[in-house]
Amino acid sequence: MRRLIRIVVLVVLGLLLLPYVLTPLYSTGHPISTLMIGRYLTGETVTRKWVDLHDISRALPRSVVAAEDAKFCFHHGIDWNSVRDIIEDVQDGEVARGGSTITQQVAKNLFLWPGRSVVRKA
């Protein structure tokens, strides 16, 4: 029983430390997401073409920010008002909608698994 508890604690600790280990690696090259790692491990094809920021239209980054997180310049990574609204919608039985900020989406794509759950959102 102690061995199982030790293994569980080590796995949880490893998962908690993973972002801190991976983040410095991302500054040295092109990031790889957990979704990409999963595809590599299952033998699925991963295709990507890196384009430097100065080689794309100047309007594209602004368009993406506007489409994905209209309040990007007005919060500090998490839009707590949107989170509150989504919680209220779920409590009222309404269909859950997206509410993740760009910061949350980046963290999700780099460090988490695919899927939807309250644990993953937290």
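A polar contact is a pair of N or O atoms within 3.5 Å; within protein, one atom must be able to donate a hydrogen and the other to accept it. The exercises below concern a predicted model.

**Exercise 1.** Determine which backbone atom the side chain of glutamine 104 reaches, and at what distance.

**Exercise 2.** Decide whether glutamine 104 is buried or exposed, and list its contacts beyond four places in sequence.

*Solution.* The relative accessibility of glutamine 104 is 18%. Buried means under 20%, so glutamine 104 counts as buried. With neighbours within four places in sequence set aside, glutamine 104 is in contact with Gly77, Ile78 and Gly99.

**Exercise 3.** Name the buried residues of H5 and the helices against which they pack.

*Solution.* Ile102, Gln104 and Leu110 are the buried residues of H5. Their packing partners are helix H1 (2-26), helix H2 (34-41) and H3.

**Exercise 4.** Describe the second largest pocket by volume, lining and residue class.

*Solution.* The volume of the second largest pocket is about 690 Å³. Its lining comprises 18 residues, of which Trp50, Val64, Ile102, Val106 and Asn109 are the closest to the centre. Helix H3 (59-68) and H5 are the elements that each give two or more residues to this lining. By class, the lining has 14 nonpolar, three polar and one charged residues.

Note on methods. Residues are numbered from 1 along each chain as its sequence is written. This is a predicted model: local features need pLDDT of at least 70, side-chain atom pairs count only at pLDDT 80 or more; totals for chains, interfaces and linings use all residues. Side-chain values use heavy atoms; hydrogens and water are left out. Buried means under 20% relative accessible area, exposed over 50%, partly exposed in between (1.4 Å probe, protein chains only). Contact means heavy atoms within 4.5 Å. On a 1 Å grid over the protein atoms alone, a cavity is a set of points where a 1.4 Å probe fits but cannot get out, and a pocket is an open set with protein on both sides within 12 Å along at least five of seven lines; lining residues have an atom within 4 Å of a point. Grid points are joined across faces, edges and corners, and a volume is the space filled by probe spheres set on the points. Helices (H or I, at least four residues) and strands (E, at least two) are DSSP runs, numbered from the N terminus. Ala, Val, Leu, Ile, Met, Phe, Trp, Tyr, Cys and Pro count as nonpolar, Asp, Glu, Lys and Arg as charged, and the others, Gly among them, as polar.
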